[in-house]
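New notebook page. I want to get my bearings before going into any detail.

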Amino acid sequence: MDPPVDLNVVKQDILVGMVECEKRCLMQCTKWLAELNHGLSEVTVELRGNTALQNVHGGIEDGEYDSYLLAKSYFLVREYDRSAYFTRNCVSPVPKFLHLYATYMSKEKKRLDNMTDSSVVSSVSHAKDFSELLSILRTEHSQQSLDGYCLYLYGVILKKLDLTDIAVRVFVEAINAEPTLWSAWLELAPLVNDKRMLESLKLPNHWMKSIFEGYTYIELFQNDEGIKIFEHLQKNGFSKCIFIPTLLAIAYSNKRDVDRSIDIFQHLQSVDPYRLDNLDSYSNLLFVKDMKTEMSHLAHKVVEINKYSPETCCVVGNYYSIRSDHYKAVMYFQRALKLNPRYLSAWTLMGHEFMEMKNTNAAIQSYRQAVEVNKRDFRAWYGLGQAYEILKMTFYSLYYYKAAQQLRPYDSRMLVALGETYEKLNKVADALKCYQKAYNVGDIEGVALYSMAKLYEKQGETEKAIPAFLKFCSDEKLIADKASLCHAYMTLGNYYEKIEDLDKASYFAYKCLDYEEMKREAESLLKSIANKRAHTKATTSATAATQPPGTAKASEEGKPDDKVATDTYGGEDMEMDETNLSKRIDSALAEEDPGSNEMAESSGIHEFHMEDTYDVNE
């Protein structure tokens, strides 16, 4: 949203939208608009004589008003059949929508109540349930007699029947007719597959479009784009609208900036302490950071607010999960799904718990249902890949890891998992590409280089493995898996010992002494290095001893003139250190006493012998 927004226009639009949605019992949309309106409380709009408030009875004929009021009261207490019955003959826009909406809600409630197993999202086709309603809406749509709200309802039913392309067109029509109907924007967002499709949609040039684009970018994991839009909105007067910082927190969470995301959620808790929306995402972050105390406080707080909401059950499930009480965690996630069978977080988290309990089949079932609810849930695809990997069904595993990687192309965890699967299928080139890309995009777990080096090592390409091992070991403090680090050190030590680079070999061997499992192997390597050093010194000394005298003399004569000035005690440069001083004393004594010369010689031999001996524990 590049041009500045007129906040007075925005507030007027919100008031109109709230009145229209409240008349039609679209309570979630009314709530969202009311929250947005409250965030703009500093913007004043004249209420006396305001067209929005004068339009409270608009769209309802006088003769149908009593029936409408009765039907609305029944709808609000969830008596949907009674509400639909008393508006069956109404023709004015508001009672007509209420009739269709009550009919839809009645069918949906009965379908959920009749589900024998809450562990499936959709046990039977929706077509049978909604056939009559669909027929009415299709006929009226072809006659172009549906308003924006009825178009929204038509789109919801088409989406349930997986008629995605038609649903997208109908939602776009509904949005163009009623731009403040947030429910239509929200239903459209999961149907947008990529940025190109988002840009090609013929949406109205309305301030709501920016909010929708930011929301959809975050749904598509294009977090930077979404953050840019919402930060722009914050600067243009929407800073107190609670929905926007919530989405920013989710975007930062997607970017793995967990601390920043937690800070935003904590600020939102202080602003609106009884808000339950998105608290499941907050509890996930606390779980990742292993913040047990904060998780405990949050769980007790949400139970006090509303014990029987899906969000509360999810938070409590995470609380038990962080305490490793997986059975109770599953129980609470199942309770959340009883309350809302399409609650995505509960399906995915329950899959994770079943994996912890080693119940692979139940985990697969949960992850499949999560994918059924939202095909863009990369965690569910990744979980399916892990489950089939445990079952040693490698081709299945590859399929699901690929799906997860396509959703998160710059997440190194997906790439490493894909690489390991290719490695199992003996597709070495593909595996190496995955590991290399995982390292390039920023290796979260720090295992890509090690896996790549191990694969090179396995293929016998040691020269390629060594640089990867060296990079892997370059920052040892960041490596969590010490066994991998120890193996890398040992491999490097053996390699350098083999190529006679004994200093480097010794350095890496000493590093391995810190790890109990590799200590003996490291000590053995150090002994081997010590023996090689001793052998090298002995060979050098033997070569010097067997050298013909003429060679030494010739080399003396071949020295440059500027180095001819030598001292009288052995032709070495004069240095005032302890070694030369001892030589001078020995020479002086030898001149005075010939007998002591033999002792000096024998002492010299003895000293040479000691110097040649190498301590293996060096």
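Below are my entries, from the whole chain down to single residues.

I am looking at a predicted model. I looked up the secondary structure of the protein chain and got 33 helices and 0 strands. The chain has 618 residues, and 45% of them count as buried.

Entry two, contacts and surface. I took the contacts in the protein chain with a separation of 6 or more, and 55% of those come from residues 24 or more positions apart. The chain exposes about 33700 Å², with carbon and sulfur atoms supplying 51% of that area.

Which residues touch the most other members of the largest nonpolar core? I found L26, W182, L188, W207, I211 and F238, out of 184 residues in that core. Helix α8, residues 148-160, gives the core its largest share, with 9 residues. A reminder to myself: in soluble globular proteins, nonpolar side chains tend to be buried together.

Then I picked L26 and listed its partners. Leaving out residues up to four places away in sequence, L26 touches C21, F97, Y101, Y149, Y152 and L181.

Entry four, the outside. I also found a nonpolar patch on the surface, formed by L391, M393, F395 and Y396. Together these residues have about 400 Å² of accessible area. Where does Y396 sit? I placed Y396 in helix α23, which covers residues 394-407. Why do I call Y396 partly exposed? Its relative accessible area is 45%, and partly exposed runs between the 20% cut-off for buried and the 50% cut-off for exposed.

Key: Residues are numbered from 1 along each chain as its sequence is written. This is a predicted model: local features need pLDDT of at least 70, side-chain atom pairs count only at pLDDT 80 or more; totals for chains, interfaces and linings use all residues. Side-chain values use heavy atoms; hydrogens and water are left out. Patches are made of residues with over 30% relative accessible area and no salt bridge: like charges are joined within 9 Å, nonpolar side chains (Val, Leu, Ile, Met, Phe, Trp, Tyr) within 5 Å. Accessible areas come from the Shrake-Rupley method with a 1.4 Å probe; for residues, only the protein chains shown count as cover. A salt bridge is a side-chain nitrogen of Lys or Arg within 4 Å of a carboxyl oxygen of Asp or Glu. Helices (H or I, at least four residues) and strands (E, at least two) are DSSP runs, numbered from the N terminus. Buried means under 20% relative accessible area, exposed over 50%, partly exposed in between (1.4 Å probe, protein chains only). A nonpolar core is a set of buried Ala, Val, Leu, Ile, Met, Phe, Trp, Tyr and Cys residues joined through side-chain atoms within 4.5 Å. Contact means heavy atoms within 4.5 Å.
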